[in-house]
Amino acid sequence: MANSKEKTFRKLKRQYTWVSIVVFVISFLLLIAVVNAAVIFFTLYTIDSKIDDEYKIVEHMANIYEESLDVAKEDYREILQKAGTRYLVKDGSGNIIATQGRNTCSDVGGHTGFLFGKRPYVVYEDTEDNHLVYGSNGWVSLNLNLLGWTENEITVDAEEHPNPSTDEDKVLASGYVEMPIWIGTELSNGDTFIAMGHIRIRLSVIVILAIIMICLNAFLLVYMIVRIIRIVKGLRRRKQLTELFLVDEVTKGNNWMAFLLKGEQILKKRKNADKRYAVLHIVIVKYRNYCMCHSLEEGQRLLYAISQTIDQNMTPKEELSAHVSSSSFALLMEADSDDSVRQRFDQLLQGLSRTDTHDEQPLMAGHTEKGHTFRFQAGVQIIEPHIIDGKPQKRRIPELERYYNNAVAAKATLEETDDSGIAFFDNRLLEDERWVDLVEECQQKALDNEEYVVYYQPKYSPDEGKLVGAEALIRWQSPDFGFVPPGKFIPIFEKNGFITAIDHYMICHVAADQKKWLDAGMKCVPVSVNVSRAHFAEIDLADQIRNMVDEVGTPHELIEIELTESAFFDDKEALIWTIEHLKKYGFSVSMDDFGSGYSSLNSLKDMNLDVLKLDAEFFRGEADTERKEAVVSEAIRLAKRLNMRIVAEGVEEKEQVEFLDSQGCDMIQGYYFAKPMPKDEFVERMIEVYHMPEES
């Protein structure tokens with residue numbers, strides 16, 4: 001499952017930012033169009049309203065003209081002449097049959113009017129003045145070419161033009177622009193009367209409208225440009241942040257997140273559906289030691305050099321590498337076969353052997369001038385093509401993280417050696433992983449149902465061969481899995497922390513068994529119970545043990561608390577404090593596996609122990625017997641000087657028993673005397689040795 005950062009990044013990648021920009025630009029352009037349309041509509045409405053006013057005058061003049069056609073009313077024509085009205089009359093064929101004044105009426109025009117051309121009149125442009133123009137849509141609009149107005153077209157004093165309706169060029173009243181338009185109306189006889197009208201608009205209104213339109217458009221365009229620039233800058237910053245999010249700080253190459261995202265993109269490509277891939281987890285063996293011997297900066301330069309070398313061995317855009325932790329790298333490469341993966345890994349090691357740092361000293365796969373040796377271990381998970389009906393299918397959900405975890409599990413099988421090597425994840429490892437899941441799923445249920453069984457391995461004195469103690473060991477009798485040996489579940493419990501619950505379980509059950517045997521009249525021997533190193537982090541561990549034993553009512557001297565030497569590497573002060581209080585409460589304390597670590601003597605110096613258990617490795621193998629006996633002899637002698645009893649584990653041969661007896665060893669635990677056995681068999685041993693009646 002991808003973590004929250006990966007999910008956030010994937011969500012960020014899915015945002016269609018460029019679509020948002022396009023929508024923003026279109027919306028903004030529509031806004032500009034609406035604003036301009038509103039201004040234009042207001043202008044057209046104003047002009048049309050004034051034309052409507054002029055039409056009423058023209059209509060009145062047309063009536064006067066019709067009246068003048070009557071012989072009895074010829075004086076009506078004089079009225080038009082005195083008024084200086086410029087007009088013309090066209091018959092039904094378009095021929096001019098009457099005119100007065102200079103004819104500057106253009107043929108450009110047509111029906112127009114407010115309310116979308118429903119007025120019964122027509123207009124025509126003036127041939128000498130085109131400030132009012134007739135559009136194809138039937139609207140009369142204003143030509144805002146203010147530079148086209150000459151100086152004599154604008155007056156500042158109305159007294160200079162007392163008669164604004166002459167045949168002279170356009171006459172303007174103070175502060176107004178007066179523009180001619182020819183307006184026609186149909187006479188009763190079918191002729192058309194066309195007269196010049198004048199649209200008077202205040203110059204300041206025109207200027208203000210023009211300035212408003214220019215400024216508004218300029219402002220909106222500038223605002224849109226600024227917003228787009230900011231969005232683009234934001235995109236660039238996000239791209240930079242994205243790159244920073246995907247770049248490893250040390251190697252300047254891909255990091256873990258980049259490996260997941262880019263790797264899945266490679267696997268999802270349709271053209272790669274039929275390809276076999278390998279996911280590698282490569283670790284620098286003992287990288288921490290190198291940093292300790294040199295410096296962290298030198299270690300980072302080493303990582304950078306390794307990353308560069310690995311990248312040089314990858315096919316661009318088809319393969320991938322990334323630095324995922326302090327000493328490990330992840331690789332995604334094509335894999336025709338397992339052998340080809342091994343060959344490429346060997347070639348990569350050869351390339352790393354020639355990798356240099358800034359001081360041009362070789363640092364890989366061999367001794368350098370600084371005296372350090374580098375080795376690499378790799379775990380591999382093969383990704384097979386997904387085939388259905390003989391055809392490879394596109395990988396929709398590659399699960400690269402799971403594949404890498406499998407590669408990590410494969411590499412873990414090499415941890416017992418420091419040599420370079422490569423291991424493949426196979427069905428056996430998969431079964432191991434499944435077993436871990438099953439154990440963790442059932443562990444609490446098994447504890448509640450008391451499926452864990454206590455076994456006892458007797459301890460005998462070497463001189464008399466008499467039962468003098470025992471060690472409590474755990475087994476799992478599962479209704480689902482059958483009899484499960486401790487090696488199959490104890491390491492899992494130690495990793496997941498459930499071992500502390502097992503410690504409590506064992507102490508309680510051993511104490512209960514001892515109490516039961518005592519109540520039956522048996523002579524009991526001390527039984528040692530292992531306590532995990534994880535438990536010693538609890539400062540009240542001694543009190544916990546005391547309370548558990550007291551709740552059952554078992555004498556403290558019958559319970560021995562056994563700890564491993566590895567616990568000494570944790571909280572030393574807490575461990576010593578716990579040992580002191582256990583002894584204060586009357587419990588014996590022993591150290592298990594003495595000699596398996598590297599600080600055994602140091603631990604003996606600081607811890608006041610009662611029993612020392614010699615590790616079974618002292619008595620195995622084909623090592624020089626004389627040297628082995630010398631070490632064991634000195635260990636026994638040292639323990640005696642410290643007033644400690646000695647238990648030898650793993651003893652299987654009579655010669656070993658005789659030697660240990662000669663050296664004063666107190667107890668022997670091993671197959672020579674007895675294997676771990678169920679409780680009932682152990683009871684029989686106690687009865688046999690001490691001739692006590694059987695338990696009822």
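This is a predicted model: local features need pLDDT of at least 70, side-chain atom pairs count only at pLDDT 80 or more; totals for chains, interfaces and linings use all residues.
**View A. Lys271, Lys275, Glu318 and Glu334 join in a network of salt bridges.**

**View B. Arg276 and Asp338 meet through their side chains in a salt bridge.** The N to O distance is 3.1 Å. Arg276 sits in the loop between helix 6 (256-268) and strand 9 (277-284), while Asp338 belongs to helix 9 (residues 338-353), so distant parts of the chain, 62 residues apart, are linked here. Asp338 is partly exposed, at 29% relative accessible area.

**View C. Lys459 and Glu560 form a salt bridge between two strands.** Their closest N and O atoms lie 3.9 Å apart. Lys459 is in strand 16 (residues 452-460) and Glu560 in strand 20 (residues 559-564), 101 residues apart. Lys459 is buried at 2% relative accessibility, and Glu560 is buried too, at 5%.

**View D. Asp610 pairs with Lys583 in a salt bridge.** Here the closest N and O atoms are 2.6 Å apart. Because Asp610 lies in the loop between helix 16 (600-606) and strand 22 (611-614) and Lys583 in helix 15 (residues 572-584), the pair ties together parts 27 residues apart in sequence. Asp610 counts as buried at 18% relative accessibility, whereas Lys583 is partly exposed at 25%.

View E. Strand 1 (residues 87-90) and strand 2 share four bridges; for Tyr87, the bridge partner in strand 2 is Gln100.

Conventions. Residues are numbered from 1 along each chain as its sequence is written. Side-chain values use heavy atoms; hydrogens and water are left out. Two strands pair if DSSP finds at least two bridges between them. A salt bridge is a side-chain nitrogen of Lys or Arg within 4 Å of a carboxyl oxygen of Asp or Glu. Buried means under 20% relative accessible area, exposed over 50%, partly exposed in between (1.4 Å probe, protein chains only).
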